[in-house]
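The structure comes first, then the notes.

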Amino acid sequence: IAAHADTFGTGANAFDIEFVHIGNPDNPDDTGGDPDPAGKVEYVYRMGKFEISEGMISRANSQSAAEGSPLSITYFSFGAGENRPAAYISWYEAARFTNWLNETKGYSPAYKFDGSDSELWQPGDSGYNADNPIRNSKSRYFLPSVDEWYKAAYYNPIDENYYNYPTGSNSTPDGIEYDGDNAFDAVFHNG
């Protein structure tokens, strides 16, 4: 499936996030996985192709500070570089980052905050959805639900089947060979 990138920030703070189209609305639930059931999504959506990187968070922090409304999202860096996934980000920080993505593009924030605590959207709020009062229905960017993530990772719309692994297979993925790992189940690059 082709990915499409959206650009956020400006100048030295600009970065792209690639999104993949997830179609096949009203797909069935997977009733043989964990959790059970999971994966049924009634609508079309987009899912980020890669994790949010340290560089993206850093640029969003810089951009928001330059605009006078500091985002101040902290992450743990393993020193692997700006293109590596940002680690140890709380749900609240991820939600604030997601709101920033929406607001910089002119969309409604996905999540409602009162100071540092999140709140539910209320019936009088624009974008309120009784089926999901946590997430504003008028936002374009949001954190995926369990079902949205599960479907994107395990569902194959061609054969309408769920796979055991997000590689599109029921076979255990083969890892990378390294000294002392005779099962070849390591998933990192050694050297």
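## The hairpin

β1 and β2 form a hairpin, with six residues between the two strands. Gly9 lies in the turn and has a positive phi of about 75°. Strands are DSSP runs (E, at least two residues), numbered from the N terminus.

This is a predicted model: local features need pLDDT of at least 70, side-chain atom pairs count only at pLDDT 80 or more, and totals for chains, interfaces and linings use all residues. Residues are numbered from 1 along each chain as its sequence is written, and side-chain values use heavy atoms, with hydrogens and water left out.

## Strand pairing

β1 and β2 pair in the antiparallel sense over six bridges. Two strands pair if DSSP finds at least two bridges between them. Phe8 stands opposite Phe15 in β2.

β2 also pairs with β3, in the antiparallel sense, over four bridges. Here Phe19 stands opposite Gly48 in β3. Strand β3 spans residues 45–48. Tyr45 and Met47 make up its covered face. Arg46 and Gly48 make up the uncovered one.

## Asn13 in the loop

Asn13 sits in the loop between β1 (3–8) and β2 (15–22). Its relative accessible area is 17%. Asn13 is therefore buried, a term for under 20% relative accessible area, with exposed over 50% and partly exposed in between (1.4 Å probe, protein chains only).

Which residues does Asn13 touch, not counting those up to four places away in sequence? They are Phe8, Arg59, Ser62 and Gln63. Contact means heavy atoms within 4.5 Å.
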